[in-house]
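Visitor: Please take a close look at the aromatic ring pairs in this model. I would like the geometry and the setting of each pair you discuss.

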Amino acid sequence: MQRFASAIMTSAAKRVPIPKNGVDYRGKIVLAPMVRSGELPSRLLALHYGADLVWGPETVDRSMIGTTRKVNEALNTIDFTRLSSQGHKDPRPGHKESLIYRLHPEREGGKLIFQIGTSDPERAVQAARIVAGDVAGIDVNAGCPKPFSTSGGMGAALLQTPDKLCSILEALVKEIVPEFEIGISVKIRLLETPERTEALVRKLCATGITGLTIHCRTTPMRPRERAIREQLKMIADICRETGVACLMNGDVENRAQAEQLINEFGVDGAMIATAAETNSSCFRSEADGGLAPWREVVETYVKMTLDVENKWGNTKYLMNHLIPGKQSVFQEVTHSRSYSQLCKILGFENLEVRAKEVDGAIGIT
């Protein structure tokens, strides 16, 4: 830990100022932005086991624009909702509202980073302004390689249009930082050559951002391919020269390994993705207990899903990651259709009453 702390301190020579409502990424081991695996209960689970910060899932600018911010007093959450159009051009009165984003100000306040999917500076600012008062930072997704993101010029497609990416970041820094006093950051991937990566990182660090996360894979690479770390020191050096915090992402499996990688490559922090999907206690230090048994993690997660009335489909998706496939209950859980069934299968008798209430509340009785 002493070596870890000293590595963080070496980056103190120059720092882009952190706005008063923002957060410094330095010295942090954080939950990566993941579609489906970054919803509210997953974020709460990561924080419970020691994540320093949590990224929400990429949320596209157009989906946030037009939402209504509501305080959900029953759940102690803040919900961003909109009327469903149900295939019509415009929403019609009487249609059910769709929940676009839910956060918990008490349990993740000051630790939640909102990641936006965007390809336009004006839309980025418009969407960010809706949520900026409730989060600790806005992060631009410039690394997602999936077609739903790149087809709209968002995600990793922005790596091929660096001027546009810079204009988005500059617009957010100009409009959002003074008004809400939070930081702006960006998450990218490696480009085809170290020279191109270096040029991009230098341009991004000149936009006024407070943080940059580098996913140590190129756009065509998939998670099963080993992360490329040969460029990390170069990227970390550029960020340090410009005072921008640098996080690394890619094949980071637990806190101990994250601290070792931070020391080895001189980055400021690390982001955990896939390992957190499987067992979020990967954020817990060995001194605090290390990796917890899957059953403990699952029970904690289920309780959190009930606390915030999480969408059943999302909870069931996470069950398929959190419960080892060789466990006898795995198939039963896969075929469950409600929280009540889930708690009965897993033997969580203490949660059955609440499970029945939530089933009724979300309409799956």
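Guide: Tyr101 is buried, with a relative accessible area of 3%. The model is a predicted one. Phe114 is buried as well, at 1% relative accessibility; the cut-off for buried is under 20%.

These two residues form a ring pair. A pair of aromatic rings is described by the distance of the centres and the angle of the planes. The count of aromatic pairs comes to three. For Tyr101 and Phe114, the ring centres are 4.9 Å apart and the planes stand at 65°, so the pair is edge-to-face, given that planes over 60 degrees apart count as such. Tyr101 belongs to strand 6 (residues 97-103) and Phe114 to strand 7 (residues 112-117), so the pair ties together parts that are 13 residues apart in sequence.

Another of the pairs is made by Trp312 and Tyr339. Their ring centres lie 5.1 Å apart with the planes at 70°, so this pair is edge-to-face. It links distant parts of the chain, with Trp312 in helix 13 (residues 312-322) and Tyr339 in helix 15 (residues 339-346), 27 residues apart. Both Trp312 and Tyr339 are buried.

Lys146 has a relative accessible area of 48%, so it counts as partly exposed, while Tyr101 is buried at 3%.

Note on methods:
Residues are numbered from 1 along each chain as its sequence is written. This is a predicted model: local features need pLDDT of at least 70, side-chain atom pairs count only at pLDDT 80 or more; totals for chains, interfaces and linings use all residues. Side-chain values use heavy atoms; hydrogens and water are left out. Buried means under 20% relative accessible area, exposed over 50%, partly exposed in between (1.4 Å probe, protein chains only). Rings of Phe, Tyr and Trp (its six-membered ring) pair if their centres lie within 6.5 Å; planes under 30 degrees apart count as stacked, over 60 as edge-to-face and the rest as tilted. Helices (H or I, at least four residues) and strands (E, at least two) are DSSP runs, numbered from the N terminus.
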